[in-house]
Amino acid sequence: MAALRAAKARLPEQSLFEQAFTPEVLRVLDRVRLRAQHASGDRPGHTRVRNRSDASGTELERHVAYERGDDLRRIDWNVYARLGELVTRRFVAEREVPLWFVVDASASMGPDEMHGKLDMARALAALLATVSLSGGDRVYLGVIPGRGDAAAVSCGPLRSRRSLHELRGFLAGIRLGDGAADLARGLDQLLRVTRRGMVVLLSDFLCDRAAGARALDVLMTRSCEGKLVQVLSRRDRDPSWLYGHDVLIDRETGAEFRIDPSPDTFRRYEAALLAHVTALARAASSRGMASALTITDVGLLGFLSGDLPRLGLSLVR
Amino acid sequence: MGYGFAAPAWLAALAILVPLLWLYLRSRRRPPAVVSSLVVWRVLTEAAAPRRKPYLPLLFFVQAALIVASVIALAQPFVQHPVPPGPPRDAIVVLDVSASMQARDGGSTRFERARAAAQERAYELGRSGRKLTVIAAGQQPQVVGTQLDGARAADLIGRLEPRDTSGNLTAAAELAAAQAGPQGSIDVFTDAAGDGLVMSRDARAISTVHRFGSGGDNVAVAGVRVLANPFEPLGRTRALVTLHSYADEAREVTITLEPVEAASGEPAQPVSRTVTLAPGATEVVSADGFGWSGAFRAVLAPDDDLPLDNVVYGVVPAPTPLRVLLVTEDIALQRAVETLARSLGNVTVRTLVPVQYRPEAREEITIFDRFAPPLPPAGNVAYLAPPRGNPDVTVAGGATRGRVAEQREHELVAGVQNAETLLGDGVALAASAALKPVLLGRAEGREVPLVLAGEVGGRRIVATSFPLRAADLRSADALPTLVFTINLLRWLSPTSGAAPLTRIAGERLRAGFRDAAPIARIEGPDGARELGPAEEITLERAGVYAAVGGGEERTLLVSFVDPVESDIARPAAAPSVAAPPRPATAEPAAQALWQRVPYVREALLAALLAMLLEWLVVAASGPRARRGGPGPSDAAADPASAGGATA
């Protein structure tokens, strides 16, 4: 955190994405781990999966009664010496968790500028992916383009910090589309071969509630642990800058919309936005997923300290 | 109550509101705004139908209020409050009742004409619905009546008569102005010339002067003085009558002095003198050869336009033998005084040595030479170098010799030249409240009175620090001593208690006299009038009065002598036109009856409050408050707190 604060203070004109790759930040991220809650892969790895146990491992989870066919080497003879019962040890499963960091590149995430929504999404993806790579997880990067007929693009798997250059190049190459993104279709394309992984979806989710729900259903179908990061800008949240503007143009569709730029209208917009965010949070919660809203103004530091715990993720040393 | 601005030109600054309004309306013509998505906006279906009428935010109205309050403050607003009504706004009629109004003018007098005009004016003002106040402008202004209708005022005016005194129109006009107030009117009826009428600006602003009388041919008796020597016979008494001509041409007049009351015996012969007076000339006519004594009137003939000043009154004192008691041990002084008395005539001197003196031995005049009895005599007395021990004179020291330092104006030292020759070895006197120094000297470095004179209890007292030298009374070279002695006898000669009192018209007469019975009743030209013991009245009529008091009756002679009033000549003037009567419901002048209360500070305070409110509005709608304060957006930023569940 201190490194992030120092980097932000020293390079105020640096984009959020660039801040995520400063040496100070990387040194800090090298010492922390991103712990998932129930996502786990099928291949052994370094991520301890709490709700699963293995016959081998490093952290003892429990003892179970010996059954015929169990490996005799797993019998805990000390217990037998005291209790006269044959029990075997079960350890916390350590798996390789496939982690997907999917960035929405629809036009609503624009404009592509420093401290914009896309910059924030790129930076968060880089930050979390870097931590995951440090933990030895399998990391995938995906981009859902801002055009309905375009295919989603992915990168990975990336397995170690040596892939940081590839990770940075992929994220830096993300370009905004000129239309709306179909999140469900994009996720379906990206997760065809992935099951039981964790998907961090970075988007503004300024789409129909039904479309958002379909995207969540795709994650459910793939048995993935979904983490929804809703990235909004200051202008999205505070419409007071629209005083004097009575015509709004949708960045994705180019459609016009006439409003009465009055405080009452803006208050009602804020209420509608709150309802929209709340609906997304409820939809995610009902599917066992976590969601968090972050504003571009808070920066990486604000996200890590305030919004990341809402996702059920935590950085541990 | 009214409103206004002291500097209304500043109100033009309200035009600043126009560009302000334009700025706010202009912002509505901005280009369309590009937003991330309309998904949320489309929920606001009502927002899709913007209002037709232009929208102005609260900030505009606050700023407009700030501008309006500032401009109003610059324009200096005020509120006019009606001033409480002042004195009653009457129509005032001032009638000059001074002596000059008695001047004949045509077939009547100036006063009669003025009085008739004043009555007519009173009727006219009464018909216009105004209440009248009548003021008589005599020596002192007198309010005859207030809140009168026209008929009542005319009736009171008709009862007024001119007085034999001067008039004070200035005081009357000021009294009228105070009574009338700024909305009243004053009508002055007088014969005073325009330049002789002194009034304040306020009084003149509401006054209409009606002038009466022009021309005027008058010769007045300006005074009379009787020179009577008690040592001489009646036939040598002289009366000096001063005449003054106010006529434009030479006039031959005859002044006749005749007794007021005819003697019971043979008829008294009047004394007449004829003199020709040049225009504006003053002549003193000397009359003698009186065969009678007592009160007389000096009557001027022929008659002129002002008969009032053709008569004055005087008194020829009756010659009575003067009896003198001289108490001295100086035989030479005794002989010298007796010789002087014989020379003067009509004076008898009786001489006693101090051991023979008894208080019963009283005469009209008692002269003590270097002697003072323990009890003073009842009559007039002179002390020559008195010793100590007398209640009349305070002797401060023994023998002293000084020099004459100051000779004051007094009958005792009138005509005394080189008073130094009077002095000799004497005593040191001390002045008192009753005895004042007449001749002052200086001895041993301080002032000492040499001659004291005064009245105590109706007695005349003279004290000298030096004795009279017999040799000086016999020597023609020592004239000052002789003159002083004659003056002493003349001043000490008693006047008759029944001698007539003489006054000038307009003077005040006190009912009480010192050491005499007060006047209880006075009868004269105005009729009889009772007086209180301490009452003081103004003698407004010239003539012969009878003052009764203490069982005695004294004659009171009141003469009219007033050069200003006698000068009745007036330049011809166009008849004055009466100002039209003001309606009773005339609107009050704004300057006079309204008071302006400025409200500049309140307007400035309103401007400051508007400025503060503007800051609050800006702060409440600005991004900083939205970022830090709790609001809907903050709830939106925290879906968990809004009910959203997290995994």
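Predicted model: local features only at pLDDT ≥ 70, side-chain atom pairs only at ≥ 80, totals over all residues.
Residues are numbered from 1 along each chain as its sequence is written, and chains are lettered from A and ligands numbered from 1 in the order in which they are written.

**Chain A and the cores**

Chain A has 11 helices and 13 strands; helices (H or I, at least four residues) and strands (E, at least two) are DSSP runs, numbered from the N terminus. Of its 317 residues, 47% are buried, a residue being buried if 20 or more other C-beta atoms lie within 10 Å of its own, exposed if 12 or fewer, and partly exposed in between, with C-beta atoms placed from the backbone. Among contacts (C-beta atoms, placed from the backbone, within 7 Å) in chain A between residues at least 6 apart in sequence, 76% join residues at least 24 apart.

A nonpolar core is a set of buried Ala, Val, Leu, Ile, Met, Phe, Trp, Tyr and Cys residues joined through C-beta atoms within 7 Å. The largest such core holds 88 residues, of which Val102(A), Leu124(A), Ala125(A), Ala126(A) and Leu202(A) touch the most other members. Helix H5 (residues 117-134) of chain A gives the most to this core, with 12 residues. Another core, of 79 residues, lies apart from it and includes Ala173(B), Ala180(B), Ala220(B) and Ile519(B). Leaving aside neighbours within four places in sequence, Leu124(A) is in contact with Leu202(A), Val229(A) and Phe303(A).

**The sheet**

Three strands form an open, mixed sheet in the order S11(A)-S10(A)-S2(B), where two strands pair if DSSP finds at least two bridges between them.

| Strand | Residues |
|---|---|
| S11(A) | 256-258 |
| S10(A) | 247-250 |
| S2(B) | 33-35 |

S11(A) and S2(B) are the edge strands, each pairing on one side only. S10(A) and S2(B) pair in the parallel sense over three bridges, and Leu248(A) stands opposite Ala33(B).

**Arg408(B)**

Arg408(B) is found in the loop between strand S23 (403-407) and strand S24 (426-430) of chain B. Arg408(B) is partly exposed, because 13 other C-beta atoms lie within 10 Å. Not counting residues up to four places away in sequence, Arg408(B) touches Pro437(B) and Val438(B). The C-alpha atoms of Arg408(B) and Leu440(B), 32 residues apart along the chain, are separated by 8.0 Å.

Definitions and conventions. Contact = placed C-beta atoms within 7 Å.
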